Amino acid sequence: MSWWDRLLGREGRSLENPNVSLTSERAFYEVFGGGGLSSAGVNINASKALTVPAVASATDFIAGTFASMPLQVFKKTDNGRETADSDPLYSIVHDVVNDDNLTSFAWRKQEMMKVLVFGGRSLTFIERNRAGRVMNLWPLDPAAITVVKVDGYRYYRGKVNGKQVEYTSDEIIDVPFMMEPDGITSIDPVAKFKNAFGLCIALEEYAARFFQNGGVPPLAMTGPAMSDVAAQRASSDVQNALKRAKSEQRNVMVVPNPYELKPIGVSPEDSQLVEARRAQNLEVARVYHLPPAFIQDLQFGTFSNTEQQDLQFVKHTMTQHLAAWESEMNAKLFGVRNRKSYVEFNVDGLLRGDFKTRFESY
């Protein structure tokens, strides 16, 4: 095993991996556990991104909504369709997905969180018996799986429970956040949008430091010249005096004549800190195609347009996720040639419309 493999902690795993190219920043993301240093000077990874309230709210809301919608199996009939609740697959996708008692809700929320923030890809192994019937759905760690193409066909290689495995494409439910043009490399939203997330964290850290210092901006002491030792001692004295004033809730601090304390840099008001943080919340909402009302940004929200944002969320945000999962599950669970059975999310509860439209419809 090479020193590079030991550094990665991947025994026997090759980095010649189309999913993690050595020439891309994603390789450094995999090796060092971060999305890289953002332009704001903050090193970003998935855990760090989730410390941003807007990111945590957006991803949890989308994943929770996705997981809470009923996932049902239907069968086409001469009269249309009917719910195939007698099909053994129905209880798997609707209730419990495997013998480990992992519920369908927990599996779908976990996998959607992987898509949105933890690596940008969901991989689930389909366990079948000898007759080809689906028995279990087992979620995989995408970081432990390498996706390759051999003679135009996709294969998923890696270690699962300490064993080297190789799966064919029909054994894996594969849902990415977004794909590169090569068709096998997924895009990690945390690595791709590290600058937007990093600026959110930098703004929050600046605000925290400002109030940790008692709401006092950086100061410069002006007055007669002093030695380096005296200047350092004076700086320490001022810093200690500020801390005491904060702890004692005093707003007045005495400075010996003829010295003065003057603020340097830009104040939070002048730098528009509040406005900048609000703008970054909108950037996070934009990354996930989420109306601002759903990350609790009601700056421009009204009763009527918030209801319309609700419909916009279902029609333009969730629809693409639902279509990706339905098409992938139908192709992998039933086979591409199957035309009788299929899975579908029930979105009726989310598409009720606003109050006025519902009553006009009635």
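Glu111 and Lys114 pair up through their side chains in a salt bridge, at 3.0 Å from N to O. A salt bridge here is a side-chain nitrogen of Lys or Arg within 4 Å of a carboxyl oxygen of Asp or Glu, and by this rule the count comes to eight. Keep in mind that this is a predicted model, where local features need pLDDT of at least 70, side-chain atom pairs count only at pLDDT 80 or more, and totals for chains, interfaces and linings use all residues. Residues are numbered from 1 along each chain as its sequence is written, and side-chain values use heavy atoms, with hydrogens and water left out.

**Salt bridges within a helix**

- Glu111 and Lys114 sit three residues apart in helix H6, so about one helical turn separates them. (Helices are DSSP runs of H or I with at least four residues, strands are runs of E with at least two, and both are numbered from the N terminus.)
- Glu111 is buried, with a relative accessible area of 0%, and Lys114 counts as buried at 12%. (Buried means under 20% relative accessible area, exposed means over 50%, and partly exposed is in between, using a 1.4 Å probe and protein chains only.)
- Lys332 and Glu328 also meet in a salt bridge, at 2.4 Å from N to O.
- This pair is four residues apart in helix H11 (residues 303–334), so again about one helical turn lies between Lys332 and Glu328.
- Lys332 is buried at 9% relative accessible area, and Glu328 counts as buried at 14%.

- Arg121 forms a salt bridge with Asp174, with the closest N and O atoms 2.8 Å apart.
- Arg121 belongs to strand E3 (residues 121–128) and Asp174 to strand E8 (residues 172–176), so the pair ties together parts 53 residues apart in sequence.
- Both Arg121 and Asp174 are buried.

**Where H4 meets H6**

- The axes of helix H4 (residues 53–68) and helix H6 (residues 104–116) come within 8 Å and cross at roughly 145°. (Axes are lines fitted to C-alpha atoms, for helices over the stretch in contact, and angles run from 0 to 180 degrees between N-to-C directions.)
- Residues in contact (heavy atoms within 4.5 Å) include Ile62, Ala63 and Phe66 in H4, and Phe105, Met112 and Leu116 in H6.
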